[in-house]
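Please walk through the structure below in the order of the paragraphs that follow it.

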Amino acid sequence: MTRRETLTEEEQLSLKNALEHIEELEHLMKKRPVETFKSLLKMNIPMELEIEIEGATYALKFNDSD
């Protein structure tokens, strides 16, 4: 079975909605980073946070099932 090279209209709408939510999350992280981060942790969803310190990047996993 071959894969279609384009998304269906429904998939395109889902992608558009997801991107809009990412923009909202970015806005909240800039406006109220501590409160937003605390709320994300309470949701108990798997997340990965990358932190850059003095040129080195560290990845932290939260609520991971491993």
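**Salt bridges, hairpin, pocket and surface**

At 38% relative accessibility, Glu 35 counts as partly exposed, where buried means under 20% relative accessible area, exposed over 50% and partly exposed in between, with a 1.4 Å probe and protein chains only. The model is predicted, local features need pLDDT of at least 70, side-chain atom pairs count only at pLDDT 80 or more, and totals for chains, interfaces and linings use all residues. Residues are numbered from 1 along each chain as its sequence is written, and side-chain values use heavy atoms, with hydrogens and water left out.

The side chain of Glu 35 meets that of Arg 32 in a salt bridge, at 3.4 Å from N to O. A salt bridge here is a side-chain nitrogen of Lys or Arg within 4 Å of a carboxyl oxygen of Asp or Glu. Arg 32 is partly exposed too, because its relative accessibility is 42%. By this rule the count comes to two salt bridges.

The other pair is Lys 16 with Glu 20, whose closest N and O atoms are 2.9 Å apart. Both residues lie in helix H1, four residues apart, which is about one turn of the helix. Helices (H or I, at least four residues) and strands (E, at least two) are DSSP runs, numbered from the N terminus. Lys 16 has a relative accessible area of 48% and is therefore partly exposed; Glu 20, with 33%, is also partly exposed. Between the C-alpha atoms of Lys 16 and Arg 32, 16 residues apart along the chain, the separation is 24 Å.

Helix H1 covers residues 9-31 and contains Leu 19. What does Leu 19 form together with Leu 7, Leu 15 and Ile 22? These residues make a nonpolar surface patch of about 340 Å². Patches are made of residues with over 30% relative accessible area and no salt bridge, like charges being joined within 9 Å and nonpolar side chains (Val, Leu, Ile, Met, Phe, Trp, Tyr) within 5 Å. The accessible areas come from the Shrake-Rupley method with a 1.4 Å probe, and for residues only the protein chains shown count as cover. Leu 19 has a relative accessible area of 44%, so it is partly exposed.

Next come the strands. Strand S1 (residues 47-53) and strand S2 (residues 56-62) run antiparallel and are joined by seven bridges; two strands pair if DSSP finds at least two bridges between them. Glu 48 stands opposite Lys 61 in S2, and Ile 51 stands opposite Tyr 58 in S2. Leu 60 also has its place in strand S2. The C-alpha atoms of Leu 60 and Glu 50 are separated by 6.3 Å, although the two residues are 10 apart along the chain. With 37% relative accessibility, Leu 60 counts as partly exposed. In a regular strand the side chains alternate between the two faces of the sheet.

S1 and S2 form a hairpin with two residues between them. Glu 54 belongs to the loop between S1 and S2, and its phi is near 50 degrees, a positive value in a residue other than glycine. Its relative accessible area is 81%, so Glu 54 is exposed. Asn 44, in the loop between H2 and S1, has a positive phi of about 55 degrees although it is not a glycine. Asn 44 counts as exposed because its relative accessibility is 56%. Most residues other than glycine have a negative phi, and most peptide bonds are trans.

Which residues line the largest pocket? The lining consists of Leu 25, Glu 26, Met 29, Phe 37, Leu 40, Ile 45, Met 47, Glu 48, Leu 49 and Phe 62. H1, helix H2 (33-42) and S1 are the elements that give two or more residues to this lining. About 190 Å³ of space lies in the pocket. On a 1 Å grid over the protein atoms alone, a pocket is an open set of points where a 1.4 Å probe fits, with protein on both sides within 12 Å along at least five of seven lines, and lining residues have an atom within 4 Å of a point. Grid points are joined across faces, edges and corners, and a volume is the space filled by probe spheres set on the points.
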